[in-house]
Amino acid sequence: KEGYKAYVIPDDVGGRYSVLTPVGLLPAAVVGIDIEELVEGAKYMKKLCENANPLENPAYTHAILHNLFYKKGRNISVMASWAKSLEFLGFWYDQLCAESLGKDGKGRAPITIVDTRDLHSRGQQLQEGEQNTVVTNLFVQKAKRDLTFKKNIEDLDSLNYLDGKSIKSMVNGAMDGTNYAYSKDLRPTMNILIPELNAFTLGQLFYMFEVSTVAE
């Protein structure tokens, strides 16, 4: 009646899978995300996910690893985002995974954390708690901006040994050290490395996790 444009939402796409339909694309465009790049990223990942070899198909590899760990009693999966900006991607995946797989008395329970923020609490539980977890690290390899520490003449906090080190290098070390500590205690981890965070790579992640969830 008012002449507004209407967008078609496919009948065969469930709500938790609708992020790449107008349900997710319209609000993404409103907040300034390049939705054309987002869709191009999804198309790029689609080609990778058409590979019948599971070891060359990122979605199938992710699904198989989680399925194997689940059969070994690791029914809690933790998505550790090593960037605060990825926390809500984890929350989206929480719904996708829980609602899709949590049926008929089965299904792993997904949890999202942010590292290094949550290492002191969740990290201790993951290393010293029950042997029922598997950790997936989401890690952005190229930061949009980085800071380098410079020494202070007075060195009141005794942190001058960090002189010349960047925050990114320390985060790299923190993840490597955390994975090493977990592995020593037989706590499995896997890494998903993101070259840089933008609409194109986000589109890839959305599509990969959707296909992986269906496969799992």
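**Strands, helices and confidence**

Modeller: Met79 has Thr112, in β2, as its bridge partner. This is a predicted model, where local features need pLDDT of at least 70, side-chain atom pairs count only at pLDDT 80 or more, and totals for chains, interfaces and linings use all residues. Residues are numbered from 1 along each chain as its sequence is written, and side-chain values use heavy atoms, without hydrogens and water.

Colleague: How many bridges do β1 and β2 have, and in which sense do they pair?

Modeller: β1 and β2 pair in the parallel sense over 6 bridges (pairing requires at least two DSSP bridges; strands are DSSP E runs of at least two residues, helices H or I runs of at least four, numbered from the N terminus).

Colleague: What is the order of the strands in the sheet?

Modeller: The open sheet has 4 strands in the order β2-β1-β3-β4, with parallel pairing. β2 and β4 (189-196) stand at the edges with a single partner strand each, so one side of each has no neighbour in the sheet. On average, neighbouring strands are turned by 20 degrees against each other, direction ignored.

Colleague: Which strands does helix α4 touch?

Modeller: Helix α4 (residues 87-101) packs on the sheet and touches β1, β2 and β3 (133-142), contact being heavy atoms within 4.5 Å. The direction of α4 makes about 175 degrees with that of β2 (angles run from 0 to 180 degrees between N-to-C directions, with axes fitted to C-alpha atoms, for helices over the stretch in contact).

Colleague: And where is confidence lowest?

Modeller: Confidence is lowest in helix α5 (residues 119-128), at a mean pLDDT of 92 (the predictor's confidence in each residue, from 0 to 100). The mean for the protein is 95.
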